[in-house]
Amino acid sequence: MNEADYIFDSRDEQFKEPFGALEAGRPARFRVLARRAAGIAAARMAVKYDRHPEPARYDMKAEETPEETDDYICYSVTVPFYDRGLYWYSFEFETKSGLVRVGRGDFGRARPYREGENLAAWQLTVYKRDYQVPEWLEGGVIYHIFVDRFCKSGERVELPGKINRDDWGGTPEWKPVNGEILNNDFFGGNLDGIREKLPYLEGLGVTCLYLSPIFEAYSNHKYDTADYSKIDPMFGDEEKFKLLCGEANDRGIRIILDGVFSHTGADSVYFDKFGHYGGHGAYSDPDSKYRKWYYFRDDGTYESWWGINTLPRINKKEPSYVDFICGEDGIARKWLRAGASGWRLDVADELPNSFLEKFAEAVKTEKPDCYLVGEVWEDASNKISYSERKNYFEGNKLDAVMNYPLRQGLISFIRNGDAGRLTDAVDTLLENYPPEVMNCMMNNIGTHDSVRILTALGGRDLGPYPSREEEAAERMSPDERERAVRMLMIASAIQMTLPGVPCIYYGDEAGMEGYSDPFNRGCFPWGHENRELQSWYRRLIAFRRRNPVYRKGLYRQVASFGGLFAFERFDRDEAGRPVGSVITAANCGGVEEVLVVGENRRDVLTGREFRENITIFPGEVLILETME
């Protein structure tokens with residue numbers, strides 16, 4: 001028994017039709033080729049619904065096959081899928097040598113499993129949309145701003161316990177004070193600063209701003225919320241927020257907010273551990289209306305987020321908290337009414353399904369085209385957290401998630417020439433995510449939680465556990481920076497043309513570098529940007545925005561071998577013929593590769609014209625449109 005005895009590829013419509021996730025109520029057709037010599041007496045498909053303990057089995061019928069497959073018999077079955085959720089399927093063959101189970105191997109292909117082996121099944125995502133995804137986002141570009149470090153404008157606010165820095169561009173404070181990282185140094189970035197730079201963002205081609213938390217909090221990062229109902233005074237106030245949203249909208253730019261609902265700050269109106277808010281918080285007042293929001297132990301201690309005492313953990317199933325966030329006049333709706341167009345949910349995997357459904361219902365009722373995106377670091381389609389299958393994409397929770405698997409695949413490809421890993425990362429998401437989700441995925445390659453993409457691509461590897469001293473001191477040499485910029489150009493070209501919506505972390509387009517938090521949260525280098533990189537981003541974004549294929553266009557892998565990764569985006573006309581084809585091709589290997597396209601193409605980045613066969617040199621990226 002070997003893999004060639006059974007042929008099935010879940011990513012090929014010859015074997016599974018339609019490709020990828022399935023809308024509830026639709027059938028799917030499956031075809032498996034099995035070698036005649038196996039002496040097959042019966043064939044079945046086993047399908048296990050994620051919410052049922054036992055699989056259902058469907059008999060498969062033998063089909064006539066063309067002459068070139070005379071060594072094989074094709075077995076097929078059509079199965080309807082009515083309920084949304086996850087299904088896991090495999091195949092069983094009764095042969096002259098006994099029962100053979102066929103499950104998932106590498107890259108979605110078939111693998112026979114021996115008796116006693118744990119079988120890996122294929123995943124099928126079935127969804128039914130209750131809420132429509134926001135079409136205004138499709139084909140656009142998101143820009144992620146860490147507010148304190150983007151731009152400052154107007155008078156500074158002085159508050160007790162906060163350090164106002166006057167050295168814009170200096171290294172963020174990282175040394176502990178009495179063993180604690182305070183995150184209390186502020187460079188002065190604020191909402192007025194963002195508003196001042198709207199012309200820059202519009203000129204870059206941005207269509208959506210994702211702001212790190214802006215609500216009142218002690219820290220500079222604001223993930224320790226003190227009051228969900230107020231803008232932090234270091235950043236501005238509600239009127240300044242409304243003004244920003246209005247002026248941004250006039251320029252075709254929407255704004256989404258960062259919602260931190262898994263925990264609050266200990267120094268908050270709700271918990272008030274230090275008595276700064278009148279002493280009526282949950283910590284010191286057992287009769288506080290917020291007491292049930294938190295998890296207190298018998299000895300008076302409390303549960304905190306990841307063991308960080310300044311971040312007490314919230315009970316997201318407590319009705320009073322759910323109503324405070326998701327109710328008719330709750331926080332979720334309040335800031336949409338003030339001008340926001342969406343929410344990014346921090347650590348979405350820590351929010352129970354019941355909360356996510358209530359939150360989605362609230363925001364989609366308030367603004368049907370609200371964008372609701374979650375922070376999830378893995379393949380979100382099959383995520384299990386706190387013993388609960390999340391099922392984000394059934395159609396009644398999130399519109400999309402942050403695409404960290406893409407970042408990981410891109411870095412591996414560009415640094416190591418590993419086209420296979422990037423191909424598998426993209427294909428896995430396309431197979432497991434509904435197309436509506438893919439079209440509005442937040443394709444981030446840099447965030448406030450990750451090493452700057454320029455550093456990740458071209459910086460020195462400091463090992464798995466570098467010291468803060470090492471990270472603070474390390475800078476790329478001029479040669480390393482030049483090489484890293486070339487690598488980022490390749491990464492951004494791929495990012496801008498894959499399915500989904502690219503998200504730029506502020507300053508990546510200007511050449512900012514930095515290792516992990518807080519060194520990835522430096523000040524935007526106004527007046528010292530890498531102009532070549534900025535110009536590159538403007539050209540990429542302009543091409544993306546004027547080409548409709550990047551809104552809902554289909555995707556096809558063109559090449560993935562050696563160091564070559566190439567894919568095509570295209571639409572279909574009313575007769576089903578492909579139109580508007582654009583190919584992105586990048587070579588991150590050590591030798592030149594030849595891409596066969598079969599037609600004349602023009603590289604939109606350089607204007608060079610190619611005839612059918614295209615030689616792509618190491619370190620080169622091309623975006624190829626068809627020539628008339």
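**Exercise 1. Find how many residues helix 3 has, and decide which of its residues are buried and which exposed.**

Step 1: Helix 3 covers residues 238-250, 13 residues in total, and spans 18 Å from first to last C-alpha, close to the 18 Å expected at 1.5 Å a residue. Helices (H or I, at least four residues) and strands (E, at least two) are DSSP runs numbered from the N terminus, and the expected span is 1.5 Å times one less than the number of residues. Please keep in mind that this is a predicted model, where local features need pLDDT of at least 70, side-chain atom pairs count only at pLDDT 80 or more, and totals for chains, interfaces and linings use all residues. Residues are numbered from 1 along each chain as its sequence is written, and side-chain values use heavy atoms, with hydrogens and water left out.

Step 2: Phe241, Leu244, Cys245 and Ala248 are buried. Buried means under 20% relative accessible area, exposed over 50% and partly exposed in between (1.4 Å probe, protein chains only).

Step 3: Viewed down the axis of helix 3, the buried residues fall within an arc of 95 degrees, so they line one face; the arc is that of the directions from the helix axis to the C-beta atoms. On the other side, Glu239 and Asp250 are exposed.

Step 4: Now the partners: the buried residues pack against several elements, including helix 1 (191-196), strand 18 (225-231) and helix 5 (331-337). Contact means heavy atoms within 4.5 Å.

**Exercise 2. Classify the ring pair of Tyr290 and Trp293.**

Step 1: The whole structure holds 55 aromatic pairs. Rings of Phe, Tyr and Trp (its six-membered ring) pair if their centres lie within 6.5 Å; planes under 30 degrees apart count as stacked, over 60 as edge-to-face and the rest as tilted.

Step 2: The centres of Tyr290 and Trp293 are 4.8 Å apart with planes at 65 degrees, so the pair is edge-to-face.

Step 3: Tyr290 is buried at 13% relative accessible area, and Trp293 is buried at 2%.
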